[in-house]
Amino acid sequence: MLRLLKIRGASLWPDFCEGDYVLAVGVPFPAGKVIKGDVIVFQQPGYGTLIKRVKRVLAGGKQFEVSGTQVSSTDSRNFGLVPFDRVSGKVVWHIRAN
């Protein structure tokens with residue numbers, strides 16, 4: 001399954017800007033597993049749907065440390081590791097707004 005999502009906020013700026021779109025492929029990933037550097041889409045209780053870059057893969061690919069590019073980004077520094085069962089997609093295409 002493919003999903004088109006609009007970027008809101010500046011958590012991954014300058015790589016992804018407000019108003020950009022990303023195309024995410026759903027689980028299971030046809031292109032293999034999640035690795036460091038991938039950008040994933042996941043559900044985080046209390047925050048909703050988030051898009052972040054994978055900083056580290058832990059527990060044999062079952063947990064991920066994620067981060068934004070900004071000091072003020074809401075990421076693993078705030079909510080800890082992201083379990084695989086919360087991941088709904090992996091970004092495979094980026095469409096710039098400008």
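Analyst: A definition is needed to begin: rings of Phe, Tyr and Trp count as a pair if their centres lie within 6.5 Å. Please note that the model is predicted.

User: Which residues form one aromatic cluster?
Analyst: The cluster consists of Phe-42, Tyr-47 and Phe-79.

User: And how many aromatic pairs does a search of the whole structure find?
Analyst: The search finds three. One of them joins Tyr-47 and Phe-79, whose ring centres are 5.6 Å apart, with 55 degrees between the planes, a tilted arrangement. This pair links distant parts of the chain, 32 residues apart: Tyr-47 is in the loop between β3 (39-44) and β4 (48-58), and Phe-79 is in helix α1 (residues 76-79).

User: Is Phe-79 buried or exposed?
Analyst: Phe-79 counts as buried because its relative accessibility is 16%, and the cut-off for buried is under 20%. Tyr-47 has a relative accessible area of 42%, so this residue is partly exposed.

User: Moving on, what pair does Phe-64 form?
Analyst: Phe-64 pairs with Phe-84, also in a tilted arrangement, at 6.3 Å centre to centre and 50 degrees between the planes. Phe-64 belongs to strand β5 (residues 63-67), while Phe-84 sits in the loop between β6 (82-83) and β7 (87-95), so the pair ties together parts 20 residues apart in sequence.

User: How accessible are those two?
Analyst: Phe-64 is buried, at 1% relative accessibility. Phe-84 is partly exposed, at 27%.

User: What lies over the face of Phe-84?
Analyst: Lys-62 does, at 5.6 Å from the ring centre.

Notes: Residues are numbered from 1 along each chain as its sequence is written. This is a predicted model: local features need pLDDT of at least 70, side-chain atom pairs count only at pLDDT 80 or more; totals for chains, interfaces and linings use all residues. Side-chain values use heavy atoms; hydrogens and water are left out. Rings of Phe, Tyr and Trp (its six-membered ring) pair if their centres lie within 6.5 Å; planes under 30 degrees apart count as stacked, over 60 as edge-to-face and the rest as tilted. Helices (H or I, at least four residues) and strands (E, at least two) are DSSP runs, numbered from the N terminus. Buried means under 20% relative accessible area, exposed over 50%, partly exposed in between (1.4 Å probe, protein chains only). A charge sits over a ring if NZ of Lys or CZ of Arg is within 6 Å of the ring centre and within 35 degrees of the ring normal.
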